[in-house]
Amino acid sequence: MVSFMNDSGIGTRAGRARRPGIKYAIPALAMFFLAFALGPKLAAEPLESSVVENGEAFDLSRLGWRAAPLEDSENATAIARAYSLDDGAAQTPPPDRFVSVAAFPIRMNRLFPTDVGPELRDFLLTTSFSINATATERLRQPALLLPGIGEGWSVFLNGVQIGSSTGEGSAQGLTPRYMRNLVLPFDRDVLNETNRLVIHLRGYAPATPLADNFLFGLTVNRGYLLGSENALKASTEQYGEITLYGVYIFFGLYHIFLFLHRRKERYNLFFGLFSIVLALYLLAFTNRAFQMVENSAYLILIAYPAQPLALALFLPFLESYFYPDRPMPRILIGGLAANLSVAAFLLISPYRFAQSGLIFWYLLAAPQILYLLAFIAGTIRRRLPDARKLAMALVMGLALMVWDILDTVLFRTQIRLIQFGHLTIIMVLVGLLARRFVRVYNQSEELAANLDNKVSERTLELQKTWQKLESAYRQAEGSRKEIEKLSEFSRLLNETTNYEEVVLRIFEYIEVTFDIEGIWLLRVDRPTQEFYLTRVSAASLEHYDDETIAFFRNTRFKLDESAGTIYHVYQKKKPLFLRRIRLDRASQPFDRLVVERLGLESALDVPLVIHGDVTGVVIFTRYQRSLNLSRGDIGTITRFCAQVAGVLHTASLFQQVEREREKSDRLLYNILPDAIADELKEKGQVRPRKHEDVTILFTDFKSFTSEAEQMPVEELVEDLDAVFEQFDRVCARYGIDKLKTIGDSYMAAGGLTVVNHTHPVDVVLAAMDIMDFVTQVNEIRREITGGKFWTMRIGVHTGPVISGVIGRARFAYDIWGDAVNLASRMETAGTPGLINISQKSYDRVKYFFDCEYRGRIPVKNRGQENMYYVKGIRASLSKTQPGRVPDDDFRRLYDRLHSGARLRFKSESSASGAGS
């Protein structure tokens, strides 16, 4: 980066135009030819040598291989296993169908020319090898390494299936399972002196003449090894590559953020998207991706569209970088549309057409690459700034991209070099951006000399940023375990509401990883500005006596200067590492208390920060020796404490949600009957219902309106609320649903939400209690004030109704029907102080209550109706007179009615007995 900046210093235009060409061309070309010529060898040799672990790795690609088509797909597994046992009776396919394989890679549709179509084809690949007992003994855990195999496969060794993507005996259909660097371990007992290896392959016939399905077969030209499992797995790890691709994404996001701040520089947007798309393409072809995704068709349908999409983004990047002010040329718009169309086709096309679409795009990309070269040549010819340097990087990147295309179609080495070209382009671009900044600052120096310091500061900032990026890249491998652990805790937090367990797991991990013995969690009470102890590690509980632990748990400390280091951490919101604690330096009361009573020699205080607020402080310590933590250790512990802060915050929010839900539930159950509220909560609505048998109760105070006008408003509402509250209690006692109040009227119903046979009796009992309560209130009021309370009428009727919830913003549960109207008429036709019931209600309660027949009373809009006054419980069924308290006989008769018995007087039945 420094060399880029020095190159833009004082000098002639010619000098600045010539030197970069020589300066960048030689290293770039040398790097390209070295990678192109030696890349396959350098990538392959370490693979073979690295699998040697107390023994040798055997190169299976040097053996003699034979292949044959398999017509009997239903018995493919049995046939493959039989061939691996060298079963002489296995004649399907017959021996004369086998052909010798000349060289790797083995592409089945090319080895056995296949017509275009949607069919699935099955093939057998077989080879034999010998291995002596000494070599077998050196293999602690033998395994096979298959660097490229697909689309469906099963591997057998001496009759034992050691791996399969299609399942045991699968004969129909195919879930593509292309694998890179597949390691298949097996028991050492499977190996004999003479061994037969058989691979059953299943894949698609060519979808079009453009591609023969180059993922069907053993798709890499070398590296098929037999060796130790651990060494083979170690040789296929790609953590460095995955980290590099993560750096690509970082660069992409960085340039997108630059675009968001500087909208005129559109090239930042195109380059950022280009970097992210290319990183996704490279990540999709990593070993880890193929291991994680069960259906490799998904990876192919993501990776293939990324190639035309990357070119579609790179061409506008160059145009906007060199010509930011001119409109985009039509030819470039056409190329952009073509690339996006191909990318969309590859994304939505069936899996078996993806390779043909990719080959078609390769043909479409050729003229675009020529246009790209012509474009770069034009920028160099016009002597545009940075043209030569970017041209060198682009030439290398294009050459490596051509290598990837040729390797995909022809060589099949699986060596991807495009990332090196992309990294070169990124580094050159960073240097060019630095040069652009320097040129701007140099021009500004001529206008104001005081900008020199800002140029230096900006340059230093860029250098520090680059150094931090390099440091982050070197530390990525070390951070992998930390990231995985944080992800594990995040998944645990999403899967459980036991937040205490999550916090415990995090603290246990910190204890084990950093050899921490004591962990003290202090929570902050912001309203009172105090802090207190909420959690202590198990080691701390064992180290101190119960009195010490109880003291800190039961004491709340002021969060001010007297809190010492805790207050300092709270104010700064940063961790504080006390490598050595001395009593003579503990100037604040809490610090002295910690030193004297806990005897700590060193401690790390970490604040729990959420949304900029400190919700607590965690103290980490050791009891046997002092803490010895590096800066990286402190940073890691701080990040895990941030996870703890999030968990505690989530737990607090969850508790708040639970409290609010309980409030809303209480309100809902106060408004609606329990069964209706349950249905509304579960389904979001209440289905209207028809009830064939319901008893409705209406109450109304006589002359309420005229008397209410003479009372103070507060006294009126208070009295009415007290009365209706008592009515609610009576209804709840008898299992009756209160429906609503309208002014001084009160409406309830029995048998509505809970179907039973006793609701007429329940409603009449409730009516009697309500009437008795109003009578007692009148007597008390008369004795105390000499005045009187309101007198009340009650009407009861039994019949069918329809129920439902009406309204949305302020819904209400209500009932409708002729029975409701008639119950209201019973109330209006009644007498104050008495309970008036209809004929239907009388027929249901006459066995329990003494009733006075009133005759046929005119009812508005209904003619005349039989009505009865309820006098009380029958004398034979009551403990007191007048009948108000049911006796045991009443209860037994009530229980019979509740169980569904039909009651009749002896005079009503020819049979003997009180009822049946």
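The structure is a predicted model, in which local features need pLDDT of at least 70 and side-chain atom pairs count only at pLDDT 80 or more, while totals for chains, interfaces and linings use all residues. Residues are numbered from 1 along each chain as its sequence is written, and side-chain values use heavy atoms, with hydrogens and water left out.

**The surface**

Leu210 is found in the loop between β10 and β11 (217–218). Helices (H or I, at least four residues) and strands (E, at least two) are DSSP runs, numbered from the N terminus. Next, select Leu210, Phe360 and Leu363 together: they make a nonpolar surface patch of about 310 Å². Such a patch joins nonpolar side chains (Val, Leu, Ile, Met, Phe, Trp, Tyr) within 5 Å, from residues with over 30% relative accessible area and no salt bridge; a salt bridge is a side-chain nitrogen of Lys or Arg within 4 Å of a carboxyl oxygen of Asp or Glu. Accessible areas come from the Shrake-Rupley method with a 1.4 Å probe, and for residues only the protein chains shown count as cover.

**Strand β10 and its partners**

Now select strand β10 (residues 194–204), where ten of the eleven residues are buried. Two strands pair if DSSP finds at least two bridges between them. Strand β5 (residues 120–130) runs antiparallel to β10 and is joined to it by eleven bridges; here Phe123 stands opposite Leu201. Strand β7 (residues 152–157) is also antiparallel to β10, with six bridges, and Ser154 has His200 as its bridge partner.

**Helix α10**

Which residues does Ser296 contact, leaving aside neighbours within four places in sequence? Select Ser296 in helix α10: Pro176, Arg177, Tyr178 and Phe290 are in contact with it, contact meaning heavy atoms within 4.5 Å. Ser296 is buried, with a relative accessible area of 1%. Its C-alpha atom is separated by 5.8 Å from that of Tyr178, 118 residues apart along the chain.

**The nonpolar cores**

A nonpolar core is a set of buried Ala, Val, Leu, Ile, Met, Phe, Trp, Tyr and Cys residues joined through side-chain atoms within 4.5 Å. Select Leu125 and Leu318, which touch the most other members of the largest core, of 93 residues. Helix α10 (residues 296–322) gives this core its largest share, 16 residues. Apart from this core lies another, of 43 residues, including Cys731 and Tyr842.

Technical notes:
Buried < 20%, exposed > 50% of the residue type's maximum accessible area, 1.4 Å probe, protein only. Patch = residues over 30% accessible without salt bridge, like charges linked within 9 Å, V, L, I, M, F, W, Y side chains within 5 Å.
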